[in-house]
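Please open the model in your viewer and keep the selection tool at hand.

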Amino acid sequence: MDYQTITVWTVIKRFLIGWAVAGLILVVVSCVKYKEFIVTAFANNTWAWVNATMPVVIMIFGIEYMLRSVFR
C-alpha cells in the first residue's frame, strides 16, 4: 500500500477549506431564509446613500462649472 504523507500544511489547508465551505453554506442558507429582509435593508440603505451623496455631487459639478466659466 502506498500511504500519502500528511504534513502540517495539508491539515491547515483542509481546515481552512472546511471553514470556507461551511461559511459559504451558511451564507447561502441565510440569504434564502432572510431574502425579504436583506432586499428591504439593501433598498433602504441604497436610497439613503443616494440621498446623502447627491448634494455633494451637485456641488462638485457646480464648482467645476464655475471654475471653467471663470478661466475661459
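Is Phe-15 buried or exposed? Select Phe-15 in this predicted model and show its surface: Phe-15 is exposed, with a relative accessible area of 53%, a value that lies above the 50% cut-off for that class.

With both side chains displayed, look at how the rings face each other: Phe-15 and Trp-19 form an aromatic pair in the edge-to-face arrangement, with 6.2 Å from centre to centre and 65 degrees between the planes. The angle is classed as edge-to-face because it is over 60 degrees, and the count of aromatic pairs in the model comes to 1.

Then step back to the whole chain, where the secondary structure consists of 2 helices and 0 strands. If you orient the view along the principal axes, the C-alpha atoms fill a box of roughly 85 × 35 × 15 Å. The radius of gyration is 26 Å, whereas a compact globule of 72 residues would have one near 11 Å.

Finally, colour the chain by accessibility: of its 72 residues, 0% count as buried. The chain exposes about 7,300 Å², and carbon and sulfur atoms supply 75% of that area.

Methods. Residues numbered from 1 in each chain as written. Predicted model: local features only at pLDDT ≥ 70, side-chain atom pairs only at ≥ 80, totals over all residues. Heavy atoms only, no water. Phe/Tyr/Trp six-rings, centres within 6.5 Å; stacked < 30°, edge-to-face > 60°. Buried < 20%, exposed > 50% of the residue type's maximum accessible area, 1.4 Å probe, protein only. Helix = DSSP H or I, 4+ residues; strand = E, 2+ residues; numbered from the N terminus. Rg over C-alpha atoms; globule rule 2.2 N^0.38 Å. Areas by Shrake-Rupley, 256 points an atom, 1.4 Å probe, with all protein chains shown as cover.
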